[in-house]
Amino acid sequence: MIFRFGPPLLIAVLLLPVLAGLTATLLPAFGYWPALGGTHFTLDPWRALLALPSLRRSIGVSLFVGFVTTVFSLGAVTVLLAAFMGTRLFALVKRLLSPLLSVPYVALAFGLAFVIAPSGLIFRLLSPWATGLERPPDLLIINDPYGLSLACGLVLKEIPFLFLMMLAALPQVDAVRAFTSARTLGYRRVAAFAKVVMPRLYPQLRLPVLAVLAYGLSVVDAALVLGPNTPPTLAVAVLRLAEDPDLALHFEASAAAVLQLAVVLWAIGLWLVLERLAGFAWRQWVIGGGRFFCEAAISVMAPLLALAIAALVALAFASLLLWSVAANWRFPEIWPQAFTFDIWRRELAVALPIVLRTLLLGTGVAGAALMITILCLENETRRGIAPGLAFNLIYIPLLVPQIAFLTGAASLMIALKLDGNGFGVGLVHLVFVLPYVFMSLSAAWRDYDPRYRATALLLGASPWRALWAVRLPMLTRAILIAGALGFAISVSQYLATLLVGGGRVATVTTEAVGLAAGADRRVVGVFALIQATLPFLGFAVSLILPALLFRHRRALRET
Amino acid sequence: MKPHLKLLPFFLGFLAFAAVAGGRAQEASPDLKNWPAILEKGRGQTVYWYAWGGSQALNDYIAWAGEEMRSRYGVSVVEVKLTDTAEAVTRVLAEKSAGRNEGGAVDLVWINGPNFASMKENHLLFGPFAEDLPNFRYVDAATNPSLRSDFTIPTEGFEAPWSLAQIVFYGDGAALSPHPGSALSLLDWAKAHPGRFVYPNPSNFLGATFLKQVLIELTPDAARLQQPADDLDFDKVTAPLFAYLDALRPHLWRQGRAYPLNSAALRTLMADGEIDLALSFNPAEASSAIARGELPMSVRSFVFDKGTIGNASFLAIPYNAAHKEGALLLCDFLLSPEAQAKKQNPAGYGGLTVLSMRKLSAVDRARFEALPRGVATLSTEELGPVLPEPHPSWMTRIVTAWQRRYEGQ
C-alpha cells in the first residue's frame, strides 16, 4: 500500500521547508544568529526596523496593492462569468484567458511596462498627432508611488487564475441547474448569477482569493519591474535589507520578513471580516427579491473588459517582440526605424544551456508533483475516503509570503548540502508547484466516474491494473494539463531559484530579472519572450499529445 | 506495506550521511609562493565568478576571458550574474552561518566599497594574495594610492585592483551648450530644464556616488570626509548637501517622486528621450551605447571643472572558495596587460586599466596606445582631477538620511 504514503509525503514536501524556513527567519529577527555574532535574544532588530522612516509607507502601499488586486480581479471574474455563463461566447472567453495563466508574471510585467510607460506603445500610438508630444511626457506611470501599475499587472494575471478556479468549482456547486432555475423564475442573467450561484460558489473560491491577496501583498519579481521604488513595497524592502552589504542589517531583514508575514496574516483576517459583512449585506439583498441588477451595464461592460484584457496582453507581447528585434527605436516612432536579429542570435547562444536547464528542472519537478498527487488521490479512491480538510494545507505555501521563509529555507539547504544544484532548487520549486498540480488534477480525478473502476474490478482486474490500464489512460489529458501547469509554475519561480540556487542554477526567469538591472530593452524582450514561450510549450504538449495518442478515441480527445 | 517501512531508517541514514560527508575533506590553502603548484592544481577547476551582470559589454568580456582561461590554463569560468554585488556577500555569509567553511559556491567576486568593507570586517575573505600575483608587478600602487585603499579602507592584499572608474556626465542637446561645470551649475541647469535630469536611486552605488560628489563639492571641509562619519558633526557636514537636494528635487524627472534603479535604467531614460542629462561610472558608457545603437550620435560626455569622484574596483576570493587556485589564476590573467587592454577598449566594456604605463614593456604599452577612443569618450587629460572616495560610513549614512528625507514622507 504505497499509496498510504501519499498524504504524509505531500504534507512533508509542502510544510517542512515552510516551517523550517520560518524558524530560520524567526530566530535572527530576535537577534539570534551566531555567524553574525548574535548569540542572545534581543528586540534590537525590531527597534531598528520600526525606526525605518519608509516602513509605514511600504506597508501602506503593499496593503493597497494587495486589496486593490484582489477586489478588482474578483470583481472582474464575477462580471465575466455572470455575463457569459451558458452563452456561446463563454468558450471563447475561456480560450482567451486560459493561456494567460501560464504567462510568467515577470514577462507580463515587462511587456506591460513597455506598453503603458510614458515612452511606451500607447503614447507612441497617440504621439505626436493627438498629444502633440515630441518627447515622452514627464508622467509617473511605471513605479508610481501607489503601486497602481503593479496592481494592474497583477490583476491581468489573477483574472485567469480566479476564472479557471471558478470554472473548476462550478460543477461542484451544481451551478448550471441553480442558474437555470433562477432564470425560469424570472431573474435576469446577472441577478441570477449574483444571487443564486455566487453565494454557493464563493466558499469554494475563498482559498484561491486569499492566495491572490497574499500574493499581491508579498510579490517580489513583478514589484521590481512595475512597483514603486521610493519607497518600495514591503516585500522589496525586505529583499533590499537582506541584500544590504552591511551584514548587521540582516537581523533587521529577518525582522522585516516576520513583519511581512504578520501583515499578510492581518490582511487575511481583515478580508475574512469584510467577507462576513459583505455576506450579511448580500443576504439582505438576495432576499429582497429584485430580478435585475445592472443587466444592461454589465452586458456591455463584460465584453469590453474581456477585450481590454486581451488587447493589453496582445500589446504587451507585441512590444516585447518589437523591442527584441529593434535596432533603433526612439520616441515617438510607432515602429522601429531598423530591425536586427543580432540580439536574438547572440542571446540564443547564451540562453540555450539555460533553457535546457529550465526545461529539465521544470519537467522533473512537474513529474514529481504528479507522482505525489496521484499517490494521494489514489489513496483516497482505494480507501474510499472523502477529500479531507487536511488538503487545505496545500494552500499554505501560497499564503505564507515567499520572502519570509525562503531565506531561512536557503540556509537549511546549505546545511544539508542541497544548495547550488538543480536537485535542491527542484525540491523548493516543488513546494510551489505541488499545490497547483494537486488542485488541477484533483478536480478531474474526483469527477471521474467511479463506475469505470468498479467495472474493471468486477472484471477481475487488480486495483493496480484498474489504475494503470483504465483510470490513468482516461485521465491522460487532465494529467498532462496539471503537469503543464506545474511546469509553468516551476519556470516562473524567481526567489526560490535565486536563493537556493545561490546564483549557480540560472533559469530563464532569474536571467530575465537579472537583466532587468541591465535594462537593455532588446535583451529584456528576448528573455521575456523565451520565458513566456516555455510554459506555452508545456501546454502545447498537453493538447497535442492526447490528440495523437487518442486519434481513434474521440471521447478521450474531447474531455 | 511492511517492506517499504524498513527502507525508512536507511533513507534517513543516507540523508544524515550526505549532510555530514562532503565537508570533511580538508583543503590546504594555496601556497602563493609556489605559483607552479597553483598552475597545476588550478587545471581542470571551474571558477564561479560572481559579478554584477547588468552590463552586456562586460558579460561579453567575461565570456572572452573564460575562453582564454580554458585554452591557457584549462580553467573553466562561469559568470554568475548578480543584480547587486551584495548578493554574493549574503551568499558567503549564509554559508558561514551553515558551517560551510570549505567548498563554498563563490570563487571570485567583483567588489569594492561597502561590500568589501563588510566582507573584510566579517572575515569572509581569503588572503592576503593580491600582491603575490605575478602580474601585480605592473601595478604602481605607490603612486596611485586608490589601488591599495578601497573607499579609504586599506585592502591589505585581500582584493586585487582590477578596473578604474570615474564619474562622467553625458548629455544631449540642451545639456551640452554649454555643459554644467559644477554641482551648483547643474542645479541651475535643472531649474531651466525641469524634468530633464535625474540621478539613480541612492540604494544603487551610482546614485550614492552622485550624493557624495555633491557632498564633496559643497561641504565646508572636504578633508573631514576621509575620516569616519560621526553623530557629532554629521548634520553640519551634510547640511549643504540636503539643502541642495531639496532645491533640486522639484526639478528632477518625475519631480523626484521616482528614481531609476541603476545606471542602465538611467541610460534607457536617455535613450527614450525622457531626459537630456545623465551620469555614469564608466567613462566609455556613452560611446559604447552609441556604438550599440542605443543612444543617438549627438550624445557627448563631460566632467565637472574641479573634478569628479573616481575609484578602483577589485577582485576578491571568499575564505571558503572551493576553487581558490583557479580563482588566483583568473585574477592574475585579468591583471595581464593583454586582458587589461582588452577591457579598456571602448568598443567593449571600456573600464580603465589599473596598470602603470611606465611599468609596461614597449610592446604592451603599444596595446593601450592602439586602442580606439569612441566619439563620446574623454581622454585621460580631459577626465581631469580625480576626487577620492569618502570613508564608506559617509555613504551608508547619507543614503539612510536620503531615504528618511525623501522616502519617509
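This is a predicted model: local features need pLDDT of at least 70, side-chain atom pairs count only at pLDDT 80 or more; totals for chains, interfaces and linings use all residues.
**Two domains in chain B**

Domain 1 of chain B brings 20 residues to the contact, and domain 2 of chain B brings 24 residues. Look at the class of residue on the domain 1 side. That side has 11 nonpolar residues, 9 polar residues and no charged residues.

Strand 6 of chain B spans residues 160-166. Is strand 6 of chain B buried or exposed? Of its 7 residues, 7 are buried, so strand 6 is largely enclosed by the rest of the structure. Its partner here is strand 10 of chain B, residues 308-316. The two strands run antiparallel and are joined by 6 bridges. One of the bridge pairs links B:L164 to B:A312, which sits in strand 10.

**A sheet of three strands**

Chain B also holds an open sheet of 3 strands. Their order is 8-7-9, and the pairing is antiparallel. Strand 8 (277-280) and strand 9 (300-302) of chain B stand at the edges. Each has a single partner strand, so one side of each is left without a neighbour in the sheet. Neighbouring strands in this sheet are turned by 30 degrees against each other on average, direction ignored.

Strand 7 of chain B covers residues 168-171. Strand 7 pairs with strand 9 of chain B over 3 bridges, in the antiparallel sense. Within that pairing, B:G171 has B:R300 of strand 9 as its bridge partner.

| Strand pair (chain B) | Bridges | One bridge pair |
|---|---|---|
| Strand 6 and strand 10 | 6 bridges | B:L164 and B:A312 |
| Strand 7 and strand 9 | 3 bridges | B:G171 and B:R300 |

**Where chain B meets chain A**

Now turn to the other chain. In the contact between chains, 56 residues of chain B meet 47 residues of chain A. Several elements of chain B each supply at least two residues to this side, among them helix 1 (2-21), strand 1 (46-52) and helix 15 (392-407). Which helix of chain B gives the most? Helix 4 of chain B does, with 10 residues. By class, the side of chain B that touches chain A divides into 21 nonpolar, 22 polar and 13 charged residues.

How values were computed:
Residues are numbered from 1 along each chain as its sequence is written. Chains are lettered from A and ligands numbered from 1 in the order in which they are written. Two residues are in contact if their C-beta atoms, placed from the backbone, lie within 7 Å. Helices (H or I, at least four residues) and strands (E, at least two) are DSSP runs, numbered from the N terminus. Ala, Val, Leu, Ile, Met, Phe, Trp, Tyr, Cys and Pro count as nonpolar, Asp, Glu, Lys and Arg as charged, and the others, Gly among them, as polar. Two strands pair if DSSP finds at least two bridges between them. Axes are lines fitted to C-alpha atoms, for helices over the stretch in contact, and angles run from 0 to 180 degrees between N-to-C directions. A residue is buried if 20 or more other C-beta atoms lie within 10 Å of its own, exposed if 12 or fewer, and partly exposed in between; C-beta atoms are placed from the backbone.
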